[in-house]
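Please read this briefing alongside the sequence and the coordinates.

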Amino acid sequence: MARGLRLPPERGLSIDLFCQVIDNFGDAGVCWRLARQLSREHGCRVRLIIDQPEVLARMLPALARRLQRGGARHQKRLLPWHIEGVTIIAWRQPCGQAKSGSGHSAHPLRKLKPADAVISAFGCDLPADYRARMRGQPRFMQPQGQDAASASRWINLEYLSAEPWVDSHHLLTSPKNDGLLQTFFFPGFSPATGGLLRERDLLQRRQAFGRNPAAQDRLARDLGLADLLCARRQDLLLVFVFCYRDAPVQTLLEALVKGAPGRRIHLLLPEGMTLTQEPVSPAPEHARVHRIPPLPQARFDEVLWWCDLSIVRGEDSLVRAVWAGRPMLWQPYPQAEAAHLDKLEAFLRLRPQAEQAPARAWNQAPAAPPLAEALRPLLQTLGEPWVRSGEPALTAAGERASNLAAHQDLASQLMRLWSAAPRR
């Protein structure tokens, strides 16, 4: 095996997690959170094999420093990086492709020995050579006899959805022509699904941040927003927006100015997020737009805890906004024939009434009311005392987060599944 690709010698289940980045930060974010939690909380030895480590580096400063320090020579050699208990390996070739006429796979992982368990994130195909080495390993093969209904240790981690069909599809298996068996693992919001990613101490950290004005001021200073310190927040309305390029951000800003008179509005947008139209404040004395730098995942959580309203996209940000217990709107990844609107409607059935019309308007759903009209009832709730209290559990959104926390988290469910599987 290539130097540096071996798993650490510690005890614990070994896991290879394969990730091809499609939805930019979301795919990388989900996989990094899962890899880190499996390592930290369950003692697993995890290799995260990702095709665009530079995307992960934008939310993982330690990786960004190593990529920058190593330069092109380091990246060309495709050495792994060991960060926070996880081994990160660059996966440069498209899934399963080989260099034409070479007679062998050009994939840098062609000698990697399969781990005890394998996760294909979001339906990613495994490299052909790696998959060939899985064959003959009983834990990945189609079982026989009394174990015929058991799960495989090759997991297809699916995208998150609140649609009802997810319950009946969770943990279904798919026999392959080469004898391998794959188990479908669906994250979700009901007890019949695989649950949501949630670290053991997440809600405690959220509560501690809400009660700590110094921590909130430190975040404001780190973002270059010293004028948003706690002592000056009595009339502020902080709105975080992480969206796809065609989202109506300018319309949102105008709706906020119209719907929240007397409030100083600050719209926070991530640097590097491309928009069809860069928002311009219609009333600079009352509304300002800020671009904030890329953030580590822990600081991203703090932004969601800090803001009065968060508008997020994709999957990873959605789950973190749910756990924030604050009012939120979600923009699903746009799909052909508006299939993403079905996912939106399924999710909205789980959310407070005040969020539903604004979410439809934000996603430009057919027959949705104008955004300014839809936002008005939600904006009225943002002036309630809980906004400054640091106690999201007092809100409808906070109550929903607490109810979801009663379900077992995704990483723990994976471990339970693997521990219950017969040793084959």
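The notes below take the nonpolar cores and then the salt bridges in turn.

The model is predicted. Its largest nonpolar core has 71 residues, and apart from that core lies another, of 43 residues. The count of salt bridges comes to 19, and several of the charged residues are linked in a network.

**Nonpolar cores**

- Within the largest nonpolar core, of 71 residues, those with the most contacts inside it are Phe240, Val241, Leu252, Leu256, Leu267, Trp306 and Trp362.
- The other core, which lies apart from the largest one, has 43 residues, among them Val30, Val46, Leu56 and Met59.
- Leucine 267, when residues up to four places away in sequence are not counted, touches Val239, Val241, Val249, Leu252, Leu253, Leu256, Arg288, Val289 and His290.
- In soluble globular proteins, nonpolar side chains tend to be buried together.

- The side chains of arginine 33 and aspartate 316 form a salt bridge with an N to O distance of 2.7 Å; because arginine 33 lies in helix α1 (residues 25-42) and aspartate 316 in helix α10 (residues 316-324), the pair ties together parts that are 283 residues apart in sequence.
- Arginine 33 is buried, with a relative accessible area of 3%, and aspartate 316, at 9% relative accessibility, also counts as buried.
- Glutamate 199 and arginine 320 meet through their side chains in a salt bridge of 2.9 Å, N to O; glutamate 199 belongs to the loop between β8 (181-185) and α6 (202-210), whereas arginine 320 lies in helix α10, so this pair ties together parts that are 121 residues apart in sequence.
- Glutamate 199 counts as buried at 12% relative accessibility, and arginine 320 is buried with a relative accessible area of 2%.

**A salt bridge with partly exposed partners**

- Aspartate 235 and arginine 264 meet through their side chains in a salt bridge of 3.1 Å, N to O; the pair links distant parts of the chain, with aspartate 235 in the loop between α7 (213-222) and β9 (236-241) and arginine 264 in strand β10 (residues 264-270), 29 residues apart.
- Aspartate 235 counts as partly exposed at 29% relative accessibility, and arginine 264 is partly exposed with a relative accessible area of 27%.

**The salt-bridge network**

- A network of salt bridges links Arg33, Glu199, Asp201, Arg205, Asp301, Asp316 and Arg320.

Terms used
Residues numbered from 1 in each chain as written. Predicted model: local features only at pLDDT ≥ 70, side-chain atom pairs only at ≥ 80, totals over all residues. Heavy atoms only, no water. Core = buried A, V, L, I, M, F, W, Y, C linked by side-chain atoms within 4.5 Å. Buried < 20%, exposed > 50% of the residue type's maximum accessible area, 1.4 Å probe, protein only. Contact = heavy atoms within 4.5 Å. Salt bridge = Lys/Arg side-chain N within 4 Å of Asp/Glu carboxyl O. Helix = DSSP H or I, 4+ residues; strand = E, 2+ residues; numbered from the N terminus.
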